[in-house]
Amino acid sequence: MRFLIVKDPVTDVQRSRAVEGVYEVLHKFVDTQIVSTDDLTRSVLKDDIIFNLAIGKRNDFLQGDIAAFCQMSGNEYVGSPPYTHYLCLDKFATKQILKAYGIKTPQGILYDGKTFRGKLSIPAIIKPVAEGSGIGIDDKSLCYDVDELKERVVDKFKKLNEPILIERFLDGPEITVGVIGSENNLMVLPELEIDFSNLPEGIERYYSQRVKENFGSQTIYRCPSDFNEKVRDRIRKVAIKSFEAVKARDYVRMDMRIVNEIPYVIEINSMPGLDPLTSDLPKMVKPLNKDYEWLIKAIIKRVIEKEGG
């Protein structure tokens with residue numbers, strides 16, 4: 001048995017730390033190598049297990065492609081199947097699936113460069129339909145005027161050249177929830193509440209790119225949240241139902257806002273970050289008195305058991 005950790009040829013500090021962190025856990029008990037996406041097809045052996053941490057470039061859907069490659073080559077792999085990655089990389093499509101399963105999610109419509117496909121309502125937050133890490137979300141993303149909203153959406157489309165999601169902004173506490181496991185062996189990690197009240201005056205109170213990248217130390221994180229047990233139980237049930245609706249596997253993270261004690265799913269990240277220092281999933285295991293090594297072993301438990309390890 002050998003693990004291949006797949007990384008981007010060029011990556012940022014957080015992704016590099018994630019690759020190093022996962023490697024440090026795995027190589028203690030199993031043969032483990034790190035390969036670039038450029039070398040994957042030349043390096044992979046028949047019995048290798050793939051642990052992909054590469055996200056690729058904008059709009060190339062690489063994480064879904066690598067899962068599809070693993071299925072076609074017959075290699076076992078950590079994480080969700082191709083369907084889940086392709087679906088969750090499209091925030092609008094994810095909403096349609098969630099709604100079909102009776103899961104509450106904010107109303108959203110698309111602008112495709114020509115037409116607003118649906119009725120606009122305010123307040124609304126605008127975001128690219130297929131980006132993560134807050135990319136394309138800035139201090140001008142929250143709009144309270146329809147004319148201003150239209151102007152900003154058109155401008156955002158021109159800059160990013162991809163469909164723009166116009167989503168009803170819910171003014172409630174924001175949380176992110178991790179789920180690990182598969183099928184009937186799922187575990188919802190303690191939810192992480194994200195409190196923007198301590199940010200400097202004039203900085204937006206939502207997860208924009210600059211808030212994520214520049215104001216992490218001034219953002220208040222509570223894990224678990226301060227919600228009562230009734231709300232926390234609702235969060236756990238919605239998290240599991242959402243995990244199952246998108247046919248996820250091994251680990252995902254989903255963002256929610258809580259309005260009148262009801263969880264609304266904003267989006268689902270099918271391959272959340274695993275940087276041991278800054279990523280959300282490692283923060284969520286601390287209230288369980290668990291560490292990063294425990295988290296990685298929990299994520300790979302299914303493949304290890306399947307391969308007889």
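Mentor: I start with E148, which is partly exposed, with a relative accessible area of 33%. The model is a predicted one. The side chain of E148 meets that of R152 in a salt bridge, at 3.0 Å from N to O. Both residues belong to helix α6, and because they are four residues apart there, about one helical turn separates them.

Helix α6 covers residues 146–160 and also holds K156. K156 forms a salt bridge with D138, and the closest N and O atoms of that pair are 2.8 Å apart. This pair links distant parts of the chain: D138 lies in the loop between β7 and β8 (142–143), 18 residues from K156. The two partners fall into separate burial classes under the cut-off of 20% relative accessible area for buried residues. K156 has a value of 8% and is buried, whereas D138, at 28%, is partly exposed.

Next to be considered is D139, which forms a salt bridge with K140, the closest N and O atoms being 3.3 Å apart. D139 counts as partly exposed at 39% relative accessibility, and K140 is partly exposed with a relative accessible area of 43%.

Strand β7 itself spans residues 124–128 and includes I125. I125 has a relative accessible area of 7%, so this residue is buried. Its C-alpha atom is separated by 9.8 Å from that of D138, which is 13 residues away along the chain. With neighbours within four places in sequence left aside, the contacts of I125 are S141, L142, L165, I166, E167, F169 and Y206.

The salt bridges described here belong to a set of 30 in the structure. Elsewhere, a network of salt bridges links E191, E229, R232, D233, R236 and K237.

As for the setting, the protein chain has 11 helices and 15 strands. Of its 309 residues, 52% count as buried. Contacts between residues at least 6 apart in sequence join residues at least 24 apart in 68% of cases. The accessible surface of the chain comes to about 14,500 Å², and carbon and sulfur atoms account for 49% of that area. The radius of gyration is 19 Å, which agrees with the value near 19 Å that a compact globule of 309 residues would have. Along the principal axes, the C-alpha atoms fill a box of roughly 60 × 45 × 40 Å.

Definitions and conventions. Residues are numbered from 1 along each chain as its sequence is written. This is a predicted model: local features need pLDDT of at least 70, side-chain atom pairs count only at pLDDT 80 or more; totals for chains, interfaces and linings use all residues. Side-chain values use heavy atoms; hydrogens and water are left out. Helices (H or I, at least four residues) and strands (E, at least two) are DSSP runs, numbered from the N terminus. The radius of gyration is taken over C-alpha atoms; the globule rule is 2.2 Å times the number of residues to the power 0.38. Buried means under 20% relative accessible area, exposed over 50%, partly exposed in between (1.4 Å probe, protein chains only). Contact means heavy atoms within 4.5 Å. Accessible areas come from the Shrake-Rupley method with a 1.4 Å probe; for residues, only the protein chains shown count as cover. A salt bridge is a side-chain nitrogen of Lys or Arg within 4 Å of a carboxyl oxygen of Asp or Glu.
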